[in-house]
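User: Please go through some of the terms used for this structure and say what each one rests on.
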Amino acid sequence: MRRLFLALAVAIPGLLLVPLVASAANAPARIIDCSGAASWCFSPNPIQITAGSTVTWTNSTGPRHTATSDTGAWTTGNIAPGGTSAAVAFPTAGTFPYHCAIHPSMTGTVIVSAAAAPGSAPVRGLASGGGGPQLPIGAALLLLGVGLLAARGVRRNRPHGAGEGIDKLPHQ
């Protein structure tokens with residue numbers, strides 16, 4: 001029984017921390033109608049991702065658009081109204097300006113930060129208000145404490161083996 005509690009005390013916090021170490025992913029971006037001088041724009045702008053992530057653009061406007069690197073390193077090609085581009089990979093950190101090849105006044109930037117080292121969790125701040133660790137870490141610590149208390153209780157209430165606790169006999 002004690003081994004079960006110890007296994008749970010180790011496994012449950014580990015499972016709670018899995019979402020914290022999520023690595024590169026696909027970041028969605030949209031081409032939208034804008035207010036102001038430009039008729040269309042990229043959103044969000046800038047796009048912020050980690051190295052190894054990809055970006056796809058969805059055209060939410062009437063005309064066709066592209067997302068094309070200012071250096072010509074990549075392009076989505078024409079994105080039809082309502083369509084989504086193929087994923088563009090960003091394997092290295094840096095700042096990558098881009099534009100629409102059809103509408104050059106449409107500009108955007110992809111900011112790629114270095115990916116976290118394999119196996120390391122990203123640095124997390126305090127919960128809003130500075131009240132301690134964020135929920136997954138707090139829950140993991142709480143479960144660990146409960147598991148250790150339960151294991152202690154199991155050890156304290158176990159039957160005595162031969163030769164243990166015979167200094168007081170039942171009739172004394």
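Analyst: Strand 4 (residues 53-59) pairs with strand 6 in the antiparallel sense, over 3 bridges. The model is predicted, with local features needing pLDDT of at least 70, side-chain atom pairs counting only at pLDDT 80 or more, and totals for chains, interfaces and linings using all residues. Residues are numbered from 1 along each chain as its sequence is written, and side-chain values use heavy atoms, with hydrogens and water left out.

User: Why are strand 4 and strand 6 called paired?
Analyst: Two strands pair if DSSP finds at least two bridges between them; strand 4 and strand 6 have 3 bridges, so they pair. Ser53 has Phe90 in strand 6 as its bridge partner. Strands here are DSSP runs of E, at least two residues, and helices are runs of H or I, at least four, both numbered from the N terminus.

User: What makes strand 2 and strand 6 edge strands?
Analyst: The open sheet has 4 strands in the order 2-1-4-6, with mixed pairing. Strand 2 (40-43) and strand 6 (88-90) each pair on one side only.

User: Why is Val112 called buried?
Analyst: Buried means under 20% relative accessible area, exposed over 50%, and partly exposed in between (1.4 Å probe, protein chains only). Val112 has 4%, so Val112 is buried. Val112 lies in strand 8 (residues 107-113).
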